[in-house]
Amino acid sequence: MIPPAPELTLPEELLLLALDPRRGSPYCSGRSLEYGTAGAVLRELELQGRVTGQRGRIRVVSPLAPPDPLLAQVLGSLSDPGTGGLAGGVDTRRWIRQTGRHVQELCLEHLVRRSVLRRETHRFLGLLPYHRHPPVDPGLSLAVRDRFAAAEAAGFPDPRGRTLAALVSAVGLSGAVARGGLRDRWAMHGLVDEEWTAHAVYRNVRQDRAKRNSGRSFGGGSSSSGGD
């Protein structure tokens, strides 16, 4: 008998959309997905009434720890007076950039402990270890994708669905996840500016892209230009 699907937070849904159900590797840039996971955690905290985003800064409005241990840990770090969480707030884009890798690792560990994902260790060239995270039950990934497709077909009518769509677009996943055509993917991209966490994620993704393009230009001895 298949156990009931666990209740998933926004970062967990994003990860299940992003990870190839067979290989356990992301369909998008790993660094971009780290930003997206951190942004999804912030938005989940906002949906639960713990934080708010104002003028590019995260402000804690209720320091009461949520039941989810990952969300509680992140909220606790934002509530630390040393971070400015209860006073002037924390810069959203900078926090996502600095903590994305750590937050994603915590989220992956939480999913492994809950037997949603399994961790496989591989070695690059037989030396450097790296991890992949395929789902324990591939049907759960399919269910998450089906829910996303249903929300996409309905035009993402609820705030949670719009946030997930905006994050999917911000990290570069829409081509792998969206089932509609180019018009639907452009509509998802339009949600990025409406969602404060997705907007901060996208600014970091765009910054990384600009650095890579600049490096290629200097390396090739020629300049090039392009848009987002």
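Predicted model: local features only at pLDDT ≥ 70, side-chain atom pairs only at ≥ 80, totals over all residues.
Local features are reported at pLDDT of at least 70 and side-chain atom pairs only at pLDDT 80 or more, while totals for chains, interfaces and linings use all residues. Residues are numbered from 1 along each chain as its sequence is written, and side-chain values use heavy atoms, without hydrogens and water.

Helices are DSSP runs of H or I with at least four residues, numbered from the N terminus. The axes of H1 (residues 10-18) and H5 (residues 138-153) come within 9 Å and cross at roughly 105°. Axes are lines fitted to C-alpha atoms over the stretch in contact, with angles from 0 to 180 degrees between N-to-C directions. H1 is therefore roughly perpendicular to H5 (65 to 115 degrees). Glu13, Leu16 and Leu17 of H1 meet Leu140, Ser141, Val144, Arg145, Arg147 and Phe148 of H5 (contact: heavy atoms within 4.5 Å). These residues comprise 5 nonpolar, 1 polar and 3 charged. Ala, Val, Leu, Ile, Met, Phe, Trp, Tyr, Cys and Pro count as nonpolar, Asp, Glu, Lys and Arg as charged, and the others, Gly among them, as polar.

Helix H6 covers residues 159-170. In H6, 9 of the 12 residues are buried, so the helix is largely enclosed by the rest of the structure. Buried means under 20% relative accessible area (1.4 Å probe, protein chains only). The buried residues include Gly161, Leu164 and Val168.

Cys28 is buried, at 11% relative accessible area. Cys107 is also buried, at 0%. The whole structure holds 0 disulfides (cysteine sulfur atoms paired within 2.5 Å).

Note on methods
Helix = DSSP H or I, 4+ residues; strand = E, 2+ residues; numbered from the N terminus. Parallel < 35°, antiparallel > 145°, perpendicular 65-115°, else oblique. Buried < 20%, exposed > 50% of the residue type's maximum accessible area, 1.4 Å probe, protein only. Expected span 1.5 Å × (residues − 1).
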